[in-house]
Amino acid sequence: MRYFVSKTVSPSDCLIIGIFKDQDVAQLSYLSAAQQASLQAILSLGDFTGKPGQVLLQYAVQNFDAKRVILCGLGEASRYSLAAIRKSMQAVGKVLIECHASSAQVLLPKVEDDEAFLRQAIISLEDAHIRRDQLKTKPAPMHWPEKISFVGEYEQSNAALAQGEIIANAIRLSKDLANSPANFSTPKIIADRATEIAKKDKLSVEVYDKHALQELKMGCLLGVAQGSSEEPRMVVMRYEGAAASEPPIVLVGKGITFDSGGISLKPGARMDEMKYDMCGAASVIASVHAAAQLNLPINVIAVAVLAENMPSGNALKPGDVLTSMSGKTVEVLNTDAEGRLVLCDALTFVERFNPKAVINVATLTGAIIITLGSEANGLMGNNEDLIQTILCAGQSSGDRAWQLPLYDEYQELIDSAFADIANMGNNDGAKSIVAGCFLARFAEKYPWAHLDIAGTAWRGPGNMQRAATGRPVPLLIEYLMQQAQQSK
Ligand code: BES
Ligand code: MN
Ligand code: ZN
């Protein structure tokens, strides 16, 4: 455990103090009068206004027993909420990762719900606590405080602290899986990593290799994989937190370990980012891992469909027709619309679990970036209750989603003359919705929702900026925790 609560400010390497706009320092009751006066002197200079996300690192502040003091802005006191904590703690985390502090104390006003507050503060602080330099010959040593305590009167804090750390670790796992380059994260390697994780968590895990996928008749998944010398895998990780008779929540993740587009080759610019085309798979693996660590009293199954989309003499060609596991035939008009192909077979496969709900997670369309940018996950589905629950989980975790319609009328766009269905629309419009419509045809037997995370799962471009965000792990875990709450 790295996180604690404490009732007093004590000497540390770093004291982090949350400051509202127009902060009255007398209200910072955990500080002595002399400390309040030192702080007032700084605030009087006017440089630091307390706007959300503003941070100021200072050394040798008079009257403080801390080697460093970090002031962080919380915005208007009247609008203080988890959103302010998120913004502020993310900014603090970025400063902390540059410091050599080995202990830190955090002094923030409480919000009504202690547990949500502590969880969120930990998750947001930990956002910057990742590494991307494992493949450098001389990675720089990484610094992160060994001990971080929140100062205040927190009740029932132990569970919340542990939960915050578990969720933060799951988000980091998802980022690590995603940041790893495609040559270090082939379908086989990811399946092996998922197996290791599952064994530690005591989850049951099954890995389907090419031969097993052939037996399942997953023609669309196999079709996508056939152009690559890396063979596909499907990983099924099962967490049983409730009676075996309880219908599970099934999370299905798109795991294209590299999406070159195939014969419908993508342009070269920023193609490196297509190593992130497995973020859906990373997020479902991380989420079932978190469900197990959190001991949630529900059943959760994660299914990751893993393949590489490459051009070659064996590759799919535009116009090829594949037979999906469902029996429906699919005309592949564009080999770059491969995500829906691997997912459609997984959506048929999961029928056998008699799921309570299926959520599939995929970096599915470039168009969702045009629609929603990097703020919201695209959300579609066939069940309004499920959609509403996911929207709420997005709101409370800050990992928000926004619904797009799947009107019947859109379905006509993927009619095919040569097969039951085409894998892309016959005009340029509504590309994210068209992809959703395609999936919907394979998800008719259970409540189903689809998260298009192409805009939210990673940041780019720019050599140093590129990084997985871990989204939508916060949303998925929030959703699972809410389901667990209801099942009690
Ligand atoms: N993985 C991509 C979606 C994507 C593109 C994510 C750019 C992030 C940035 C997906 O497989 C894809 O290529 N989709 C096509 C579909 C089209 C051919 C119908 C797209 O969005 O252009
Ligand atoms: Mn593609
Ligand atoms: Zn793709």
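This is a predicted model: local features need pLDDT of at least 70, side-chain atom pairs count only at pLDDT 80 or more; totals for chains, interfaces and linings use all residues.
I'm calling a residue buried when its relative accessible area is under 20%.

**Entry 1: Y208 and F349**

With that cut-off in hand, I looked up Y208 and F349, and both are buried.

**Entry 2: aromatic pairs**

Next I asked how many aromatic pairs the structure holds. The count came out at 9. I started with Y3 and F150, which form a stacked pair with 6.1 Å centre to centre and 20 degrees between the planes. Y3 belongs to strand β1 (residues 3-6) and F150 to strand β6 (residues 147-151), so this pair ties together parts that lie 147 residues apart in sequence. I checked burial here too: Y3 is buried, and F150 is as well.

Then I went back to Y208 and F349, which also make an aromatic pair, this one edge-to-face, at 5.5 Å centre to centre and 75 degrees between the planes. Their pair links distant parts of the chain, with Y208 in strand β7 (residues 204-208) and F349 in helix α9 (residues 339-349), 141 residues apart.

I also wanted to know which residues the ring pairs link into a cluster with Y3. I found F117, F150 and Y154 joined to Y3 that way.

**Entry 3: lysines over rings**

Where does the charged end of K147 sit? I found it over the ring of F4, 5.1 Å from the ring centre. I noted a second case at K328, which lies over the face of F442, 5.3 Å from the centre of that ring.

**Entry 4: the manganese site**

I moved on to the manganese ion (ligand 2) and listed what coordinates it. D259 (OD), D336 (O), D336 (OD) and E338 (OE) do, at 2.1 to 2.2 Å.

Why is the arrangement around the manganese ion (ligand 2) irregular? I looked at the angles: the 6 donor atoms subtend 70 to 169 degrees. Six donors would count as octahedral only if opposite ones were over 155 degrees apart and all others between 65 and 115, and the angles found here make the arrangement irregular.

D336 is partly exposed, because its relative accessible area is 22%. E338 is buried, because its value is 1%.

**Entry 5: the neighbouring zinc**

Last, I looked up the zinc ion (ligand 3). The manganese ion (ligand 2) is 3.1 Å from it, and D259 coordinates both.

Conventions: Residues are numbered from 1 along each chain as its sequence is written. Chains are lettered from A and ligands numbered from 1 in the order in which they are written. Side-chain values use heavy atoms; hydrogens and water are left out. Rings of Phe, Tyr and Trp (its six-membered ring) pair if their centres lie within 6.5 Å; planes under 30 degrees apart count as stacked, over 60 as edge-to-face and the rest as tilted. Helices (H or I, at least four residues) and strands (E, at least two) are DSSP runs, numbered from the N terminus. Buried means under 20% relative accessible area, exposed over 50%, partly exposed in between (1.4 Å probe, protein chains only). A charge sits over a ring if NZ of Lys or CZ of Arg is within 6 Å of the ring centre and within 35 degrees of the ring normal. Donors are N, O and S atoms within 2.8 Å of the metal (3.2 Å for Na, K and Ca); water is not among the atoms, so sites may look incomplete. Four donors count as tetrahedral if all angles lie between 85 and 135 degrees; four count as square planar and six as octahedral if opposite donors are over 155 degrees apart and all others between 65 and 115; anything else is irregular.
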